[in-house]
Amino acid sequence: MGGRPEPSAPTPPSNGSSGALTAVSRFGDRIMATLATGAGLLVSAAIGLIALFLLLQAVPALSKNTENFFTYTGPWVVSGSDLKFGIAPQFYATVLVSVIALAIAMPVALGIALFVTEYAPRRIAGPVAYIVDLLAAVPSIVYGLWGILVLGPAMVGPNQWLVDNLGFLPFFAEPSNAANMSTGGTLLTAGIVLAVMILPVITAVTREVFVQTPRAHREAALALGATKWEVVRTAVLPFGFSGYLSGSMLGLGRALGETMALMLIISTVGPINFNLLESGQTFATTIANNAAEFDSPVKTGAFISAGLVLFVLTFIVNAAARSVITRKS
């Protein structure tokens with residue numbers, strides 16, 4: 001007809017594959033990618049160097065240890081040529097106190113997070129969240145002083161009641177060290193103090209994850225006639241479970257390595273009998289209590305070996321939590 005030819009469609013830039021689109025690479029993007037990669041490698045290298053340092057310091061002492069490092073429960077002998085030391089009591093106390101703390105803190109943190117994000121009016125939710133977050137700013141030594149000077153004496157009566165009425169259970173039997181009952185410096189008291197310490201960590205992470213629940217999920221549940229609790233149970237909790245678990249593992253990481261607070265509350269080695277009213281020493285408190293006596297490489301290495309086990313334990317816990325989170329995501 002002699003008319004104007006129709007314009008052809010723009011041809012995509014050629015990059016070696018037909019029809020493929022690639023993001024434009026800019027100088028700033030390359031710098032950001034390099035910095036992010038470098039940060040990740042730096043953290044990984046730091047962790048590797050810490051593990052190498054602990055291993056190099058611990059191996060000479062472990063090679064001279066005449067007892068089984070994992071099962072020996074007697075007093076530590078870290079001087080002379082006949083070394084005897086083991087981490088069974090420390091492992092028991094560390095794990096038990098951390099489990100007590102998690103058992104108390106996890107449900108409380110979940111309740112606070114749900115209250116702040118789902119039930120509380122805005123004028124109340126903000127101050128409550130702020131007050132809980134402030135708990136993270138309290139120094140560990142203050143928690144320890146509160147635990148041994150306030151909570152410990154307050155627990156003397158309940159501890160005696162537990163012994164008198166539930167003493168047939170191994171958890172509340174008469175302790176071998178009577179001083180624990182008179183001062184309240186027990187594994188139970190230490191677990192409660194740790195629970196308060198890790199509560200803001202778990203609450204903050206859980207709260208932020210619950211807030212991110214897609215609005216469409218909530219509206220879909222409401223459209224089907226769900227009540228407020230049913231919305232929480234079917235939409236909010238499934239979506240935020242992985243974040244809740246992540247926050248709990250962060251809290252557990254702090255509980256496993258806590259030193260000053262526990263050193264003030266429990267400082268003597270106790271038996272391995274699952275009695276919550278006994279005392280004990282964790283990995284961290286064992287190292288701190290004996291730090292002033294590190295006068296030789298072998299003696300130092302004996303206690304650093306406990307730190308190496310704590311490092312490995314923390315790594316295993318975090319890896320297990322990451323595996324669970326990956327499956328749930």
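**Is Thr203 buried or exposed?** At 1% relative accessibility, Thr203 counts as buried. Buried means under 20% relative accessible area, exposed means over 50%, and partly exposed lies in between, with a 1.4 Å probe and protein chains only.

The views below come from a predicted model, in which local features need pLDDT of at least 70 and side-chain atom pairs count only at pLDDT 80 or more, while totals for chains, interfaces and linings use all residues. Residues are numbered from 1 along each chain as its sequence is written, and side-chain values use heavy atoms, with hydrogens and water left out.

View A. Helices here are DSSP runs (H or I, at least four residues), numbered from the N terminus. Not counting residues up to four places away in sequence, Thr203 touches Ala109, Ile112, Ala113 and Val132. Contact means heavy atoms within 4.5 Å.

**View B. Helix 7 against helix 8.** Two packed helices are described by the angle between their axes and the distance between the axes. Helix 7 spans residues 215–223, and helix 8 spans residues 228–257. They pack at an angle of about 145°, with their axes 9 Å apart. The axes are lines fitted to C-alpha atoms over the stretch in contact, and angles run from 0 to 180 degrees between N-to-C directions. The crossing of helix 7 and helix 8 is right-handed. A crossing is right-handed if the near helix is turned clockwise from the far one by less than a right angle, and left-handed if anticlockwise. Helix 7 brings His217, Arg218, Ala221 and Leu222 to the contact. Helix 8 meets them with Val231, Thr234, Ala235 and Val236. By class, the contact has 5 nonpolar, 2 polar and 1 charged residues. Ala, Val, Leu, Ile, Met, Phe, Trp, Tyr, Cys and Pro count as nonpolar, Asp, Glu, Lys and Arg as charged, and the others, Gly among them, as polar.

**View C. The salt bridge of Glu118 and Arg218.** Side chains of opposite charge can pair when their charged atoms come close. The structure holds 7 salt bridges. A salt bridge is a side-chain nitrogen of Lys or Arg within 4 Å of a carboxyl oxygen of Asp or Glu. One of them joins Glu118 and Arg218 at 2.7 Å, N to O. This pair links distant parts of the chain: Glu118 sits in helix 2 and Arg218 in helix 7, 100 residues apart. Glu118 and Arg218 are both buried.

View D. Arg207 lies in helix 6 (residues 187–211) and Asp133 in helix 3 (residues 122–134), and the two are 74 residues apart. Arg207 is buried at 9% relative accessible area. Asp133, at 30%, counts as partly exposed. Glu208 is partly exposed, with 43% relative accessibility. Elsewhere, salt bridges that share partners join Glu118, Arg218 and Lys228 into one network.

**View E. The ring pair of Tyr92 and Phe274.** A pair of aromatic rings is described by the distance of the centres and the angle of the planes. A search of the whole structure finds 8 aromatic pairs. Rings of Phe, Tyr and Trp (its six-membered ring) pair if their centres lie within 6.5 Å; planes under 30 degrees apart count as stacked, over 60 as edge-to-face and the rest as tilted. Tyr92 and Phe274 have ring centres 5.8 Å apart and planes at 85°, so the pair is edge-to-face. Tyr92 lies in helix 2 (residues 88–119), and Phe274 in the loop between helix 9 (260–265) and helix 10 (283–290), so the pair ties together parts that are 182 residues apart in sequence. Tyr92 is buried at 9%. Phe274 is partly exposed at 49%. Phi of Phe274 is near 65°, a positive value in a residue other than glycine.

**View F. Pro271 in the loop between helix 9 and helix 10.** Pro271 counts as partly exposed, at 31% relative accessibility. Leaving aside neighbours within four places in sequence, Pro271 is in contact with Tyr92, Ser176 and Glu278. The C-alpha atoms of Pro271 and Thr73 are separated by 8.5 Å, although these residues are 198 residues apart along the chain.
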